[in-house]
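Reader: I am new to reading protein models and would like to work through one with you. Could we start with a single residue and build up from there?

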Amino acid sequence: MYYLNKPIYTPKVLYIPAGSIYKIITYLQSKNYDVCKIDSLVLRLLGSPQSGWIDMQTNSNTKADFLYKLTTSKAALQNVTLIPGETTYIFFNQLAKNLHLDRKKLQREFDKNAPEKEGVFVPDTYKIPVGITEKELIGMLLNISHKKMKELSIKFFGTYNEKKWFQYVAIASIIQKESANKAEMPLVSSVIYNRIKKGMKLQMDGTLNYGKYSHQKITPFRIKHDTTTYNTYKHKGLPDTPVCNVSIDAIRAAIFPKKTNYLYFMKSKNGMHDFACNYSTHLRNIRRATK
């Protein structure tokens, strides 16, 4: 009874891996929680522990309450959706607001652990445990996204090379920002590759929709005064990092562009794009769209 009434201190929301009781106890020990073989025996009497995020309700529980909660409690989950084409800056604003987290802490944990400044999250609807800390959330999102990206890379290439992969993500992020729909993506991709091959600047507005500028209309003032590598009106080649978080369709288009001679595209009145191989045709498309 003395042992079962001893306090144990954990986060209010605790992650428990799937697996045997031995594996769970070993995991908790690796996180420096005060558990031992006796807890394994008690758990065998209480039943199988839950896996996933467990709502411990408080930071301090008796051993008896702690072990009981491991077998009965589940954390409350909240859905948070990252849409394709959204920037991490805007996503963090959303996370901070919806989950009542510190935005600066989210950014700090991301900067410490992310392999790139942008484009590292896989757009999806994530089930986030209510009460999760900023450090735990960033770790969770990065782990899920890294696993999905690695699986996708192995599917396409048979291997995963992080540097090469994020070069494709950078191209995919421009495709994501510029395309009107999924069908246009391989065509936009072909324009990017064709212009790079000819040594032309990309001159695409979508690259300037980075970070906090995700939803802002690109003006002549921005084009003139933005000195970052995102400004493809001033700088040749791709930006140093991706522009946004991208869909699988955009990555596929970046890896497998359509074979075309297109060098230009212009949004028409119906919201789609007219593609052109030469500048004179491009000018006609512009005149038609602005009539």
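Predicted model: local features only at pLDDT ≥ 70, side-chain atom pairs only at ≥ 80, totals over all residues.

Reader: Where is S73 placed?

Author: S73 sits in the loop between α3 (63-72) and β5 (77-81).

Reader: And which residues is S73 in contact with, leaving aside its neighbours within four places in sequence?

Author: With those neighbours left aside, S73 is in contact with Q50, I54 and D55.

Reader: Next, β5. Is V80, for example, buried or exposed?

Author: V80, which is found in strand β5, is buried, and its relative accessible area is 1%.

Reader: What is V80 in contact with?

Author: Setting aside neighbours within four places in sequence, V80 is in contact with F91, Q94, L95, L99, D124, T125, Y126 and I128.

Reader: Are K63 and D39 buried or exposed?

Author: K63 counts as buried at 1% relative accessibility. D39 is buried too, with a relative accessible area of 0%.

Reader: What about K112, which residue does it form a salt bridge with?

Author: K112 forms a salt bridge with E109, and the closest N and O atoms are 3.4 Å apart. Both belong to helix α5 (residues 103-113), where being three residues apart separates them by about one helical turn.

Reader: Why do residues three or four places apart in an α-helix point the same way?

Author: An α-helix has 3.6 residues a turn, so residues with that spacing point the same way.

Reader: Which residue forms a salt bridge with R252?

Author: That residue is D249, and the closest N and O atoms of the pair are 3.3 Å apart. R252 and D249 are three residues apart in helix α10, which separates them by about one helical turn. R252 counts as partly exposed at 31% relative accessibility, and D249 is partly exposed with a relative accessible area of 27%. Salt bridges that share partners join K182, D249 and R252 into one network.

Reader: Which residues are buried in helix α10?

Author: In helix α10 (residues 248-255), the buried residues are A250, I251, A253, A254 and I255.

Reader: What do the buried residues of α10 pack against?

Author: They pack against α6 (134-157), α7 (162-178) and α8 (185-197). Leaving aside neighbours within four places in sequence, F157 is in contact with K164, W165, Y168 and I255. F157 itself is partly exposed, with a relative accessible area of 30%.

Reader: How far is F157 from K236?

Author: Their C-alpha atoms are separated by 27 Å, and the two residues are 79 residues apart along the chain.

Reader: Now backbone angles. What is phi of Q57?

Author: Phi of Q57 is near 75°, a positive value in a residue other than glycine. Q57 lies in the loop between β3 (52-55) and β4 (60-62) and is exposed, with a relative accessible area of 53%. Q203 also is not a glycine and has a positive phi, of about 50°. Q203 is found in the loop between α8 and α9 (220-225), and is partly exposed, with a relative accessible area of 40%.

Reader: Lastly, which residues form a positive surface patch?

Author: K269, R284, R287 and K291 form such a patch. Among them, R287 is placed in helix α11 (residues 279-290).

Conventions. Residues numbered from 1 in each chain as written. Heavy atoms only, no water. Helix = DSSP H or I, 4+ residues; strand = E, 2+ residues; numbered from the N terminus. Contact = heavy atoms within 4.5 Å. Patch = residues over 30% accessible without salt bridge, like charges linked within 9 Å, V, L, I, M, F, W, Y side chains within 5 Å. Areas by Shrake-Rupley, 256 points an atom, 1.4 Å probe, with all protein chains shown as cover. Salt bridge = Lys/Arg side-chain N within 4 Å of Asp/Glu carboxyl O. Lys, Arg positive; Asp, Glu negative; His and termini not counted. Charge placed at Lys NZ, Arg CZ, Asp CG, Glu CD. Buried < 20%, exposed > 50% of the residue type's maximum accessible area, 1.4 Å probe, protein only.
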